[in-house]
Amino acid sequence: MPKLDAKDLFNTMLAAVRTSIGQDVPAARKFIESSARSLAANTKEVADWLAKGEVTVDEAQALMRMHERSAKMALTAAETIGLAMAERAINAAIDAVAGAVNKALGVALL
Amino acid sequence: MTTTCVRPRALETAAPRRPRSAALLACAVLLLSACALHVKLVGDYDELLDQAVLRLQTSTNEFYARYDGSTPPAKADVDGFLAESLGAIDAMTTRASVLEDGLKRAPLTENLMKLKEQYQELRNLDLAKPPLRKSSRAALDEAFKAIEVQLVFMKRTQSPAPAE
């Protein structure tokens, strides 16, 4: 029966985690940066309209509540990205060693 | 005053190397066996929900596009649009909450509830004013973008169906 080495298992799992996370990080960063840029641009626009008297204070406040809520939604979406990344990384780590573990134990444990 | 640390007798005899690594391995196997059924942190992707979000986004864009020119929307038009949109969001929220049932976090449900608040906020705005139309549309675009990103990542995370 082949031996299982804890260090080898760990290294295999770590490599799988790195590969899985590496695919998602650039997409997550791009999305968060884009949301931050939009919030900045929309805030400036509302402030300019208010300064020129094109909107009332109440209207400007309502618009800013909307933009703020959208920014919070972007953060919640970022949380989803994080959870999805974690789920895929953990499952990739399990899959990466499943063959070796099952073979060594002689049973389909994973 | 000094304190002396008395080591329990059992710890004084160092454990041999092989049993320790065997214990580590046993722990690793136990840990892995606990995860045998894949970890689930996000809800299942649902195509119907995705399509419903897209339909709402399309109808919202059409509503704003109708009043891109100089004609301001009539109050009845705004009320009808809001009633229809809020009803659609309620249906989507119910579906999302079922998909995220039992999970520690329910971010999609949370965002759909916030989307509802966005539409409710439109009642506070006089959409006859072009700046308010422009800015509220931009806020809604960002809100939809957030939900779309969630759906994309949920779809990407969806485990393949087990082979028959």
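Predicted model: local features only at pLDDT ≥ 70, side-chain atom pairs only at ≥ 80, totals over all residues.

Modeller: Residues are numbered from 1 along each chain as its sequence is written, while chains are lettered from A and ligands numbered from 1 in the order in which they are written.

Biologist: Which helix gives the most to the side of chain A that touches chain B?

Modeller: In all, 39 residues of chain A are in contact (C-beta atoms, placed from the backbone, within 7 Å) with 40 residues of chain B. Both α1 (6–52) and α2 (57–105) of chain A supply at least two residues of that side; helices are DSSP runs of H or I, at least four residues, numbered from the N terminus. With 25 residues, the greatest contributor is α2(A).

Biologist: Is L49(B) buried or exposed?

Modeller: L49(B) lies in helix α3 (residues 47–66) of chain B. A residue is buried if 20 or more other C-beta atoms lie within 10 Å of its own, and exposed if 12 or fewer. Because L49(B) has 23 C-beta neighbours inside 10 Å, it counts as buried.

Biologist: How are α4(B) and α5(B) oriented relative to each other?

Modeller: The axes of α4 (residues 75–99) and α5 (residues 107–121) of chain B come within 9 Å and cross at roughly 170°; such axes are lines fitted to C-alpha atoms over the stretch in contact, with angles from 0 to 180 degrees between N-to-C directions. Angles over 145 degrees count as roughly antiparallel. Therefore α4(B) and α5(B) are roughly antiparallel.

Conventions: Contact = placed C-beta atoms within 7 Å. Parallel < 35°, antiparallel > 145°, perpendicular 65-115°, else oblique.
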